[in-house]
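Hello,

Here is the structure I promised to pass on. Please open it first, then read my notes below.

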Amino acid sequence: MPPLIAGVTLSVRKWGEGFGGWIGGFPWVAGPISFFIAMENGAVFAASTIPSALMGSIGTTFFALIYSIVAPRLSWLPTVLISYVAFFVVALASLGRTPSLPFAVALNLIVLSGVLYIFPKPKGKGEYRKNPTYDIPLRMFVATLFVVLLTQLSEKLGPTWSGILTPFPIMTSTLAVFTHSQQGPQAAARILYGLLLAGYGFVVFLLGVWWLVPKMAIGMAYGILAIVVMTVNALLIKLIR
C-alpha cells in the first residue's frame, strides 16, 4: 500500500486530477483487502463477500457524489464526515438484505452511470499550493492503516460486513481530502470523477472474485483479474474530464 498511494499521488501531480483519479480508481485498496481475506479465510469466504461488496461499492459512489456537492461549501473535515455518513447509510440499508448477484450488479451499474451523468462539472482550475514535505508519507500511513484494520477485522466481521467494507472509500477519501485541502474543491471534484469512471472496472473485479477465485490458485486468479481490470478501464480513458 505505501508505494501504491505514493505512485497514485505522483500521477495526479504529473498528469492532472482527472487522469490521476482514474488511476486511483483501480482496485489498489480493495484488491489487496480481498486478496488477504482470501488467503486468511479461504476462497469461498472471499467469494461470499461479493454481493455485499457490490452494495458497498454503491456507497462509495454516493460518497464521491456527496463530497463533490458539499466540498464547495465546507472545508475538508465536515465534507468527508458527511460523505462517510452517505456511505454508511447505504451500508446499513443493505444489512440483512443480501441481494442476488445479478440484482447487485445491475443496481451498481445503474447507480454508477446515473451519478456520472449528474456529477457536478468543475468550474475553473484548482488552486495551486506547494505540497508540504509530509504530504506523501502521511497519505501512505493513512491508507495503509485502513487496509491493515479492515483485513485484521474481516474474520470477526463476517462475510457481510467484510464485503460491505471491502470497497470502503479509503483511496477515494485520501485523494479527495488531500486534494481538497491543498488545491480546492474543484480539483477534488475532478479527481472524484476520474475515480468513478474506474468504477466499471471495479464491478468487473468483484464479479471476477466471485467467479474465478474459488476455481483456481488464489494468486493466479487475482493476477488475471488485475489484467482484466486494466483492460476494461483503458476503454474508458477518453471520458476523463
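**What I found**

Leu138 is partly exposed, as its relative accessible area is 35%. Keep in mind that this is a predicted model.

Leu138 sits in helix H8, which covers residues 135–165.

Is Asp135 buried or exposed? Its relative accessible area is 1%, and the cut-off for buried is under 20%, so Asp135 is buried. Leaving aside neighbours within four places in sequence, Asp135 is in contact with Thr9, Arg13, Phe178 and Gln182.

Next, go to helix H11, residues 199–212. Its 14 residues, at 1.5 Å a residue, should span 20 Å. The end C-alpha atoms are 19 Å apart, which agrees. Several residues of H11 are buried, among them Phe202, Phe205, Leu206 and Val209. What do the buried residues of H11 pack against? They pack against helices H3 (30–41), H4 (43–48), H5 (50–70), H7 (101–118), H10 (185–197) and H12 (218–234).

Ile50 belongs to helix H5. Ile50 is buried, with a relative accessible area of 1%. Not counting residues up to four places away in sequence, Ile50 touches Leu101, Leu206, Val209 and Trp210. Ile50 and Ala86 are 36 residues apart in sequence. In space they are 20 Å apart, C-alpha to C-alpha.

Best wishes

Notes: Residues are numbered from 1 along each chain as its sequence is written. This is a predicted model: local features need pLDDT of at least 70, side-chain atom pairs count only at pLDDT 80 or more; totals for chains, interfaces and linings use all residues. Side-chain values use heavy atoms; hydrogens and water are left out. Helices (H or I, at least four residues) and strands (E, at least two) are DSSP runs, numbered from the N terminus. Buried means under 20% relative accessible area, exposed over 50%, partly exposed in between (1.4 Å probe, protein chains only). Contact means heavy atoms within 4.5 Å. The expected span of a helix is 1.5 Å times one less than its number of residues.
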